Each structure stands twice: as C-alpha cells, then as structure tokens.
Amino acid sequence: MQRRHRLSRSKDFDAVYRHGTSASTRYLTLHWFPRGDDADGEPRLGLAVPRAVGAAVTRNRVKRLLREAWRSLLDDVPPGRDYVLVARPGL
C-alpha cells in the first residue's frame with residue numbers, strides 16, 4: 001500500500017475515532033470519517049492491531065493480510081474518506 005493511502009498521524013486516527021461512524025463484526029471493526037478538506041482525494045487506511053491479537057510476528061502478518069485485502073478493494077472504495085480497521089483477538 002502506498003504512503004498516500006495510509007493514515008499515520010495520531011490526530012488523523014483520533015478524528016476518525018471521535019467523529020466517524022463504525023461497523024463491526026466478530027473479528028474486525030471499521031471506522032470511517034469523510035474528510036472535509038479533500039472530498040475527492042484518495043481514501044486512506046489506518047490499521048490498529050492490538051497485542052491481544054498475538055505476538056509481534058502474528059500482528060505483522062495480520063497487518064500485511066489486511067493491507068493486501070485493502071489494496072484489492074481500493075477501486076471500489078469511495079474517495080475522500082479516512083478509514084481505520086481494528087482487528088480483534090481471534091482473527
């Protein structure tokens with residue numbers, strides 16, 4: 001996933017968590033927030049994989065798999081939004 005498709009700053013994560021909307025399943029929670037400053041910009045993704053998911057090797061693998069899934073769906077994702085995908089234990 002390219003840099004322009006990633007959320008990296010904590011203030012961006014906080015904005016999505018505080019002002020965004022969320023939907024969840026047993027193993028994943030997706031938070032999203034429309035960006036007002038760049039409504040036609042490319043969608044950005046942030047990943048949150050807590051320690052409860054597993055050791056560092058497991059967490060990194062989960063992040064790689066989620067990034068690859070995001071990359072394959074990127075053409076269908078609406079522009080101008082920030083997303084945070086939170087993994088839950090058992091994924």
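The entries below go from the whole chain to single side chains.

**Entry 1: what I am looking at.** I note that this is a predicted model, in which local features need pLDDT of at least 70 and side-chain atom pairs count only at pLDDT 80 or more, while totals for chains, interfaces and linings use all residues. Residues are numbered from 1 along each chain as its sequence is written, and side-chain values use heavy atoms, with hydrogens and water left out.

**Entry 2: the chain as a whole.** I looked up the secondary structure and found 2 helices and 4 strands in the protein chain, where helices (H or I, at least four residues) and strands (E, at least two) are DSSP runs numbered from the N terminus. Along the sequence they follow the pattern α-β-β-β-α-β.

Entry 3: In what order do the strands of the open sheet lie? The order is β1-β2-β4-β3, with mixed pairing, and two strands pair if DSSP finds at least two bridges between them. The edge strands are β1 (21–24) and β3 (44–48), each of which pairs on one side only. β1 and β2 (residues 28–34) run antiparallel and are joined by 4 bridges, and I could follow Thr-21 to its bridge partner in β2, Trp-32. Helix α1 lies across β1, β2, β3 and β4 (81–87), at about 95° to β2, while helix α2 (residues 56–73) lies across β2, β3 and β4, at about 160° to β3. These angles run from 0 to 180 degrees between N-to-C directions, with axes as lines fitted to C-alpha atoms, for helices over the stretch in contact, and contact means heavy atoms within 4.5 Å.

**Entry 4: salt bridges.** Side chains of opposite charge can pair when their charged atoms come close. I used the rule that a side-chain nitrogen of Lys or Arg lies within 4 Å of a carboxyl oxygen of Asp or Glu, and the count comes to 5 salt bridges. Asp-12 and Arg-44 form one of them, with the closest N and O atoms 4.0 Å apart; the pair links helix α1 to strand β3, 32 residues apart, and both residues are buried. Arg-35 and Asp-82 form another at 2.6 Å, from the loop between β2 and β3 to strand β4, 47 residues apart, and both of these are buried. Arg-9, Asp-12, Arg-35, Arg-44 and Asp-82 are linked in a network of salt bridges. Arg-71 counts as partly exposed because its relative accessibility is 38%.

**Entry 5: one histidine.** Is His-5 buried or exposed? His-5 counts as buried because its relative accessible area is 7%. This residue lies in the segment before α1 (10–19), and its contacts beyond four places in sequence include Glu-42, Trp-70 and Leu-74.

How values were computed:
Buried means under 20% relative accessible area, exposed over 50%, partly exposed in between (1.4 Å probe, protein chains only).
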